[in-house]
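Q: Could you walk me through this structure? I'd like to take it one piece at a time.

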Amino acid sequence: MGKRRLALCAGVLAVTAFGPAACAAYAADGGDVSVVPAAPAPGADIALRVTGCDAREAVAQSPALVSDARLTPDDGDGLAGDGRVRSTLTAGTYTVTVACDGTEHKGTVEVVRKQAPAAGAEPSAHPSPVAPVNAGGGGAARVLADGRERHGPGAAQTVVALALAGTAALTVHRAARRQARRGRGTG
């Protein structure tokens, strides 16, 4: 009973100490729609999240987005989804609106000007995969990408399997004969 009381008292103390600060920080946020990154460049992908919405899904709308973003339940107590900032936008602050349960939730996204790469600089990585990735499966991705499909074991695997099965059968037969001889000799 002592551990339960200690846990209960610690919980009450935590709520008393941190509850008002958490509420003040939430209210200072200015909205319950968050955007990550908060200051993307035109054409960037962003993550959207809304809290205080009890619906199973919602839609985020903004003139900054290429299209409306569908929000679904996340691991926490809100809805989350992804969107893309229009590549033709000028720098500025844009409103993001989520209609949920008859309530309008708002937030903002501040679009910043793209940084131009230095003259003659090439990207350090490809923007998307250019070949199959060796991600487990013993390199199966590369074999599947070649388009050749294999069905069942080949001739070599069949011969090895038959040899192993024959050896196992021979071993069992010899053990049974040995056991039978011992049974007749002792009786």
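Predicted model: local features only at pLDDT ≥ 70, side-chain atom pairs only at ≥ 80, totals over all residues.

Q: OK, and how many helices and strands does the protein chain have?

A: The protein chain has three helices and seven strands, and, read from the N terminus, these elements follow the order α-β-β-β-β-β-β-β-α-α.

Q: In what order do the seven strands sit in the sheet?

A: They form an open sheet in the order β1-β2-β5-β4-β3-β6-β7, and the pairing is antiparallel. The edge strands are β1 and β7 (103-111), each of which pairs on one side only, and from one strand to the next the twist averages 25°.

Q: What joins β1 to β2?

A: Strand β1 and strand β2 (residues 45-51) run antiparallel and are joined by four bridges; across this pairing, valine 33 stands opposite valine 50 in β2.

Q: Changing topic, how many disulfides does the structure hold?

A: It holds one disulfide, which joins cysteine 53 to cysteine 100 with an S to S distance of 1.6 Å. The link between cysteine 53 and cysteine 100 is right-handed, with 85° about the S-S bond.

Q: Which parts does that pair tie together?

A: Cysteine 53 lies in the loop between β2 and β3 (58-61), while cysteine 100 lies in strand β6 (residues 92-100), so the pair ties together parts that are 47 residues apart in sequence.

Q: Are those two cysteines buried or exposed?

A: Buried means under 20% relative accessible area. Cysteine 53 has a relative accessible area of 6%, so it counts as buried, and cysteine 100 is buried as well, with a value of 2%.

Q: Which residues have the most contacts inside the largest nonpolar core?

A: The largest nonpolar core has 21 residues, and those with the most contacts inside it are Leu48, Val50, Ala60, Leu71, Val96 and Val98. The elements that give two or more residues to this core are β1, β2, β3, β4, β6 and β7, and β6 gives the most, with four residues.

Q: Could you pick one of those, and say what alanine 60 touches?

A: Leaving out residues up to four places away in sequence, alanine 60 touches Leu48, Leu65, Asp68, Ala69, Leu71, Val96, Thr97 and Val98.

Q: Last one, what share of the protein chain counts as buried?

A: Of its 187 residues, 18% count as buried. The accessible surface of the protein chain comes to about 14,000 Å², and 59% of that surface belongs to carbon and sulfur atoms. Among its contacts between residues at least 6 apart in sequence, 51% join residues at least 24 apart.

Note on methods
Residues numbered from 1 in each chain as written. Heavy atoms only, no water. Pairing = 2+ DSSP bridges. Buried < 20%, exposed > 50% of the residue type's maximum accessible area, 1.4 Å probe, protein only. Contact = heavy atoms within 4.5 Å. Areas by Shrake-Rupley, 256 points an atom, 1.4 Å probe, with all protein chains shown as cover. Axes fitted to C-alpha atoms, helices over the stretch in contact; angles between N-to-C directions. Disulfide = S-S within 2.5 Å. Core = buried A, V, L, I, M, F, W, Y, C linked by side-chain atoms within 4.5 Å.
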